[in-house]
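These are my notebook entries on a single protein chain. I set down what I looked up, entry by entry.

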Amino acid sequence: MLSSMKIERVELREIRMVMKHPFETSFGVTTERRIILVAVSSGGITGYGEVSCNETPGYSYETTDTAWHLLHDFIAPQSLGLVFEHPKDYQDLIKPLRGHPFAKAGFELALWDWFAKAAAQPLWRYIGGTKTELPVGLSVGIKKSPEALADFVLEQQALGYQRIKLKIGRGRDLAYVAAARAALGDFNLTVDANSDYTLEDTALLQEFDQYKLQYIEQPLENDDIIDHGTLAKSLTTPLCLDEPIHSAADVRRALQVGAAQVINLKIGRVGGHLESHKIAAYCQANHLALWCGGMLESGIGRAHNVALQTLPAFTLASDTAPSNRYWFEDIIEPEITMVGGITKPLTGIGIGVELRHDLIAQLTTRVVSF
Ligand code: OSB
Ligand code: MG
């Protein structure tokens, strides 16, 4: 067992994965993912991470290309030869680099996988996870019509998902929610606007209250917390924040102004596992509902998401749909699966999955080693 690492080799690899179905949100349609895989090696062990930001600056200012720039020109070359005793030691390396949490997280995730493997433990055990049955929710992209949405959600509900979240946007909102609610009956239903509204839309957003949603996710601007606090006072439906939460301090601010009763935690958006664990601890101490969001990740990112959700702070169904929801073939073995709306932590050491290196080689569009 190794207890410290000296970074000997870093590999950055971009792969392209065609999605089974286009995924539409208020900021655009995704048909193909461009994903950066980060591999960090030391002492015969390799840890794997994934950069999960989008290809376009629609969800966050980061893109696959800006993340490649950060990793290729700063993080990877500067990491070589450094000695880490714990994944948190990486914070010294990235401290001078402003912003870009998704890029930073790609590397940080690889370190956590490495340290868990070096300790011969599954990552979820290594981080102190305890939950062994993880409830799964589904995120549904915007469909052609309310009728098409109603058919789709009924089909998906039958697969066992414990919650369904509808992507909505201006002009593609209330009629869709009404159709989904009528189809699903009494079931955990939520909406995610990805920042498509402003406070001027308060009267429209109040109309959502009649559909008894579990929560409304990120109705207002992507970097706003304050206006969400104002909006919350006009709604009976709880609000969930996604885009503006980058740290435990942001969760504290949201709580201070009453902007959220629910937090969507995405590992990439907060810069990695370390900040994720701080957010989880803060939510648990302050009785805020918490779940793990997704970014249409490949199996590597999903395996990290599954490990994170085993922390006891996670109270609601997370967006960790099984591999076959988005992919014809995932790049991991075994794939992420769901039975009866539950996924289980992976039993192997580290992230708990093997990489399908032949498939990954076929999907690769660029690769650089340091
Ligand atoms: O807001 O949660 C979001 C995908 C891309 C960008 C933003 C979001 C999403 C999702 C995907 O909802 C959920 C998933 O990975 O299953
Ligand atoms: Mg969201």
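**Entry 1: Ser195**

In which loop does Ser195 lie? I located Ser195 in the loop between strand 9 and helix 7. I note at the outset that the model is predicted. I then checked the backbone and found that phi of Ser195 is near 70 degrees, a positive value in a residue other than glycine. Its relative accessibility is 19%, and because buried means under 20%, Ser195 counts as buried.

**Entry 2: the chain as a whole**

I next turned to the overall architecture. The protein chain has 13 helices and 17 strands. Its C-alpha trace spans about 60 × 40 × 35 Å along the principal axes. For 370 residues, a compact globule would have a radius of gyration near 21 Å; I read 20 Å for the protein chain, so the two agree.

I looked up the burial and found that 61% of the 370 residues are buried. The accessible surface comes to about 14,300 Å², and carbon and sulfur atoms account for 52% of it. Of the contacts between residues at least 6 apart in sequence, 73% join residues at least 24 apart. For charge, I recorded 34 positive and 44 negative side chains, with the centres of the two sets 3 Å apart.

**Entry 3: helix 5**

Helix 5 covers residues 146-157. I tested its length: at 1.5 Å a residue, its 12 residues should span 16 Å, and the end C-alpha atoms are 16 Å apart, so expectation and model agree. The buried residues of helix 5 are Pro146, Leu149, Ala150, Phe152, Val153 and Gln156.

Against which elements do the buried residues of helix 5 pack? I found strand 7 (137-140), strand 8 (163-167), helix 6 (174-184) and helix 12 (323-326).

**Entry 4: helix 6**

I followed the packing on to helix 6. Its buried residues are Leu174, Tyr176, Val177, Ala179, Ala180, Arg181 and Leu184. They pack against helix 5, strand 8, strand 9 (189-192) and helix 7 (202-206). Ala175, also in helix 6, is partly exposed, with a relative accessible area of 47%. I compared the position of Ala175 with that of Glu147: the two are 28 residues apart in sequence and 9.5 Å apart in space, C-alpha to C-alpha. Just after helix 6, I noted that Gly185 takes a positive phi of about 65 degrees.

**Entry 5: Leu109**

Is Leu109 buried or exposed? I placed Leu109 in helix 3 (residues 101-118), and at 4% relative accessibility it counts as buried. Leaving aside neighbours within four places in sequence, I listed its contacts as Tyr48, Gly49, Glu50, Ile267, Gly272, His273 and His304. I also looked up its separation from Gly171: 62 residues in sequence, and 38 Å in space from C-alpha to C-alpha.

Ala307 is in helix 11 and is buried, with a relative accessible area of 6%. Not counting residues up to four places away in sequence, Ala307 touches Leu123, Trp124 and Ile127. Ala307 and Met5 are 302 residues apart in sequence, and I read a C-alpha to C-alpha distance of 22 Å.

At 0% relative accessibility, Thr310 counts as buried. With residues up to four places away in sequence again not counted, Thr310 touches Trp124, Gly129, Thr130, Lys131, Leu134 and Pro345. I note that Trp124 is among the residues touched by Ala307 and also among those touched by Thr310.

**Entry 6: further backbone features**

Which residues does a cis peptide bond join? I found Glu333 and Pro334, with omega about -5 degrees. Pro334 is in the loop between strand 14 (332-333) and strand 15 (342-343).

Phi of His287 is near 55 degrees, a positive value in a residue other than glycine. At 73% relative accessibility, His287 counts as exposed, whereas Ser195, with its own positive phi, counts as buried.

Technical notes
Residues are numbered from 1 along each chain as its sequence is written. Chains are lettered from A and ligands numbered from 1 in the order in which they are written. This is a predicted model: local features need pLDDT of at least 70, side-chain atom pairs count only at pLDDT 80 or more; totals for chains, interfaces and linings use all residues. Side-chain values use heavy atoms; hydrogens and water are left out. Helices (H or I, at least four residues) and strands (E, at least two) are DSSP runs, numbered from the N terminus. The expected span of a helix is 1.5 Å times one less than its number of residues. Buried means under 20% relative accessible area, exposed over 50%, partly exposed in between (1.4 Å probe, protein chains only). Contact means heavy atoms within 4.5 Å. The radius of gyration is taken over C-alpha atoms; the globule rule is 2.2 Å times the number of residues to the power 0.38. Accessible areas come from the Shrake-Rupley method with a 1.4 Å probe; for residues, only the protein chains shown count as cover. Lys and Arg count as positive and Asp and Glu as negative; His and the chain ends are not counted. The place of a charge is taken as NZ of Lys, CZ of Arg, CG of Asp or CD of Glu.
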